[in-house]
Amino acid sequence: MATATKKTVKAKKQVRVAPDPYAPNPWFLVRNSKVHGKGCFARKDIPKGTRISEYVGDRVSWKEADARYEGYDVNDNHTFLFIVDRKTVIDGGVGGNDARYINHSCSENCESTVEKGRVFIDALKDIKKGEELGYDYQIGRDKNDPPNVDEIYACRCGAANCRGTMLWPAKRPKPRKKKKVAKKAAKKAAKKAAGKKVAKKAAKKVAKKAAKKAAKKKSAR
């Protein structure tokens with residue numbers, strides 16, 4: 001009797017294809033959001049791992065992106081810039097699609113993925129019909145940020161774990177106080193000087209003891 005033999009088939013890596021970025025998106029629709037302005041909402045259940053959309057727009061250099069929004073109010077964070085790498089920025093506000101309306105969320109159900117210079121939005125978990133899409137922007141901090149930077153980039157996602165800002169890391173590092181550093185250095189120097197003083201005093205005591213012993217030996221002769 002012939003028996004069937006099982007063949008080990010190497011699993012192929014799943015290739016996820018994003019919908020046409022300029023056609024109406026089959027996964028979500030745009031409407032007003034409680035989080036901010038417009039938002040993207042699932043038009044049907046979206047399974048985990050779905051490649052929902054591609055983030056597209058005018059591809060420019062960092063320098064050009066800065067120049068483009070140089071005249072903007074510093075207290076207004078409303079731009080559609082997406083950093084691809086150290087050279088390229090996508091401006092979704094110029095030639096972009098509806099993916100630019102996906103709001104920030106500290107409790108994200110989507111994630112942004114950069115592949116070969118292209119940016120995709122993927123479902124991080126199963127998303128129910130009518131649920132708003134959101135991913136963590138994780139906007140980097142800069143040493144030249146204004147003191148109210150967290151207010152400018154305030155997060156209003158309403159999640160239980162909301163950190164209150166779209167910036168990353170969550171808290172702005174406190175500047176090191178020069179006075180504190182100077183005080184620490186002075187304390188260290190004083191400790192060193194005190195150590196030298198103790199050593200000098202001990203050496204003097206030993207020398208005095210040795211001289212006393214030598215004098216006693218001499219008188220005994």
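A disulfide is a pair of cysteine sulfur atoms within 2.5 Å. A search of the whole structure finds zero of them.

This is a predicted model: local features need pLDDT of at least 70, side-chain atom pairs count only at pLDDT 80 or more, and totals for chains, interfaces and linings use all residues. Residues are numbered from 1 along each chain as its sequence is written, and side-chain values use heavy atoms, with hydrogens and water left out.

**Cysteines**

| Residue | Relative accessible area | Class |
|---|---|---|
| Cys40 | 0% | buried |
| Cys155 | 10% | buried |
| Thr88 | 18% | buried |
| Asp98 | 37% | partly exposed |

**Two sheets**

Strands (E, at least two residues) are DSSP runs, numbered from the N terminus. Two strands pair if DSSP finds at least two bridges between them. Strands of a sheet pair through backbone hydrogen bonds, either parallel or antiparallel.

Three bridges join S5 to S6 (residues 88-91) in the antiparallel sense. Leu81 has Asp91 of S6 as its bridge partner.

Thr88 sits in strand S6. Contact means heavy atoms within 4.5 Å. Leaving aside neighbours within four places in sequence, Thr88 touches Arg59, Val60, Trp62, Phe82 and Ile83.

Another open sheet of three strands runs S3-S9-S8, and its pairing is antiparallel. S3 (51-55) and S8 (110-115) stand at the edges with a single partner strand each, so one side of each is left without a neighbour in the sheet. Neighbouring strands of this sheet are turned by 30° on average, direction ignored. S3 pairs with S9 (residues 118-123) in the antiparallel sense over four bridges. Glu54 stands opposite Phe120 in S9.

**The nonpolar core**

A nonpolar core is a set of buried Ala, Val, Leu, Ile, Met, Phe, Trp, Tyr and Cys residues joined through side-chain atoms within 4.5 Å. How many residues does the largest one have? It has 21, and those with the most contacts inside it include Ile46, Ile52, Tyr55 and Cys110. Strand S2 (38-42), S3 and S9 are the elements that give two or more residues to this core. S9 gives the most, with three residues.

Tyr55 has contacts beyond its neighbours within four places in sequence, among them Phe80, Ile90, Val119 and Tyr135.

**A loop residue**

Where is Asp98? Asp98 lies in the loop between S6 and strand S7 (103-104). Asp98 and Ala23 are 75 residues apart in sequence, and their C-alpha atoms are 9.6 Å apart in space.

How values were computed:
Buried means under 20% relative accessible area, exposed over 50%, partly exposed in between (1.4 Å probe, protein chains only). Axes are lines fitted to C-alpha atoms, for helices over the stretch in contact, and angles run from 0 to 180 degrees between N-to-C directions.
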